[in-house]
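Hi,

Here is the structure I promised to pass on. Have a look at it first, and then read my notes below.

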Amino acid sequence: MAVCNLRDLKPRLPPGGRLIGLDLGEKTIGMAVSDPGLSLASPIGTIRRTKFTPDANELLRIVDDRGVAGLVIGLPVNMDGSEGPRCQSVRAFAKDLLKLRELPIAFWDERLSTMAVQRQMIEFDVTRKKRAKAVDTAAAAWILQGALDALQFGAPPTL
């Protein structure tokens, strides 16, 4: 399998197969997982980034433990819709991951996801220290929930 359009992701999943959403940062990988019905995203934690192989092995262990059948990876496109070096890095991560494991992967526009999550945490009066610890995993849940909603209500064009 390969990187696919979000619309083509769901038919590639087995019944009850979950999705994992990833927010690939420079220091951490935020993660969220869907329920088997593909309607709700729940944050599950982060992986502290080191090198690709140990990061990928940890991610694939979590994929196996949680019954994940596909990935939704946040793509950090620029505000004007263009792709810069960070997008290239995310696409390279997905390509390298596919060399280790055949999983359907779709990208989701993550513009302003971290800002939206931080704003929501501020509204809920979460301290700065707690926000710093939770923002990556919450951003992953935001990304995955957007993709799940698009799967349920109509997916936008592919990235």
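One thing before you start: this is a predicted model.

Let's begin with the strands. How many of its residues are buried?

β2 has a partner on either end of the chain order. With β1 (residues 18–24) it runs antiparallel, joined by 5 bridges, and Leu22 stands opposite Met31. These two strands make a hairpin with 3 residues between them. With β3 (residues 41–48), β2 also pairs in the antiparallel sense, this time over 7 bridges. There, Val33 has Ser42 as its bridge partner. The β2 and β3 hairpin has 6 residues between the strands, and Leu38 in that hairpin takes a positive phi near 60°.

Now for the inside. In soluble globular proteins, nonpolar side chains tend to be buried together. Here the largest nonpolar core has 26 residues, and Ile20, Leu22, Met31, Leu59, Leu71 and Ile73 are the ones with the most contacts inside it. Each of β1, β2, α2 (52–65), β4 (68–75), α3 (85–100) and β5 (105–109) supplies at least two residues of this core. Helix α3 gives the most, with 6 residues. Apart from this core lies another one, of 20 residues, including Cys4, Leu38, Ile143 and Leu151.

Setting aside neighbours within four places in sequence, Leu71 is in contact with several residues, among them Leu9, Leu19, Ile20, Leu22, Leu59 and Leu97.

Finally, the rings. How many aromatic pairs does a search of the whole structure find? 1. In that pair, the ring centres of Phe52 and Phe93 are 5.3 Å apart and the planes are at 80°, so the pair counts as edge-to-face. Phe52 sits in helix α2 and Phe93 in helix α3, 41 residues apart, so the pair links distant parts of the chain. Are the two rings' residues buried or exposed? Phe93 is buried, with a relative accessible area of 4%, whereas Phe52 is partly exposed, at 25%.

One more ring to find: the charged end of Arg91 sits over the ring of Phe107, 4.8 Å from its centre.

Happy exploring!

Key
Residues are numbered from 1 along each chain as its sequence is written. This is a predicted model: local features need pLDDT of at least 70, side-chain atom pairs count only at pLDDT 80 or more; totals for chains, interfaces and linings use all residues. Side-chain values use heavy atoms; hydrogens and water are left out. Two strands pair if DSSP finds at least two bridges between them. Helices (H or I, at least four residues) and strands (E, at least two) are DSSP runs, numbered from the N terminus. A nonpolar core is a set of buried Ala, Val, Leu, Ile, Met, Phe, Trp, Tyr and Cys residues joined through side-chain atoms within 4.5 Å. Buried means under 20% relative accessible area, exposed over 50%, partly exposed in between (1.4 Å probe, protein chains only). Contact means heavy atoms within 4.5 Å. Rings of Phe, Tyr and Trp (its six-membered ring) pair if their centres lie within 6.5 Å; planes under 30 degrees apart count as stacked, over 60 as edge-to-face and the rest as tilted. A charge sits over a ring if NZ of Lys or CZ of Arg is within 6 Å of the ring centre and within 35 degrees of the ring normal.
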